[in-house]
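Good morning, colleagues. Please look at the structure on the screen while I describe a few of its side chains.

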Amino acid sequence: MDLQMNGKTALITGSSRGIGRGIALALAKAGCTVALTGRDSAALDKVAAEVVAAGGTAHVCVADLLREGAAGELAQAVERACGRLDILVNNAGAVRRGDFFKTPEQEWHDGFGLKFFAHVWLSRALWPLLKQNGGSVVFISGLGARIPVADYMIGAAVIGASLAFMKALADVGKRDGVQVLTVNPGSVQTDRFAHRLAVVMKSTGLDEAAAKERHRRDLDITRFGTPDDIAGLVCFAVSPHGRWLHGTAIDMDGGQVDPLRMTRYEEPPR
């Protein structure tokens, strides 16, 4: 399928690794110029080199979105580097698990600061460019608000807020011609997944393959996802073929969330 993306420009936050990297590479291969951002300049340069090796164009904009004013500065840097913006992928931020009564207040502040407020301010700062080009805003959130569990309380709260913000922003998008939606990935094989799998291996004594299969059965999913799975959905959604997707949250999780029963998933042993 020709995604008809040549000449478009995309900013992907948290694009130095994992899902963000996968989305950046996929959009670049589809014909987009990509702006990469995150806190690790060396990792971003590596992704930029991968984009160039695949025949694409990349701009690196190092930014710590937890810092006050960083979102506005990043928006200005992207406008200077690219001159336009068609796609904003709000992906940055990873929220830690932990005991509610032992979690430091700072982790709550950082969770909302990076995975909610930074995306709010960045969406607002870049909205004029997106409106000018009939662009798209995609939030990469998660299942936490759909199936909240005690040790992922910050994530559930942050994602819940993000989903509500997305719906409200989509209402503005209908007026201004900007597409807005959310993708909720399930268990995707990234560095964080490797860490969780190591916890299962340590607690059960199973080897990697057996621990992975046990975890898959606990989650009751068809298989674990890859960054390419999420990237493929994002590329389709923001292409002309997917523009009717608006104001919606798409779960891509191998069947982890039962939309009728809202099944809770089992946490791996600790």
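I call a residue buried under 20% relative accessible area, exposed over 50%, and partly exposed in between, with a 1.4 Å probe and protein chains only. This is a predicted model, in which local features need pLDDT of at least 70 and side-chain atom pairs count only at pLDDT 80 or more, while totals for chains, interfaces and linings use all residues. Residues are numbered from 1 along each chain as its sequence is written, and side-chain values use heavy atoms, with hydrogens and water left out.

Let me begin with the salt bridges. The term denotes a side-chain nitrogen of Lys or Arg within 4 Å of a carboxyl oxygen of Asp or Glu. In general, side chains of opposite charge can pair when their charged atoms come close. The whole structure contains 14 salt bridges.

One of them joins Arg175 to Asp176, at 3.0 Å from N to O. Arg175 is exposed because its relative accessible area is 64%, whereas Asp176, at 12%, is buried. Both residues belong to a salt-bridge network that also includes Lys131.

Another salt bridge links Arg84 and Asp86, at 2.5 Å from N to O. Here Arg84 is partly exposed at 31% relative accessibility, and Asp86 is buried at 3%.

I turn now to Asn184. With a relative accessible area of 0%, Asn184 is buried. Which residues does Asn184 touch, not counting those up to four places away in sequence? Among them are Ser141, Leu163 and Asp251, where contact means heavy atoms within 4.5 Å.
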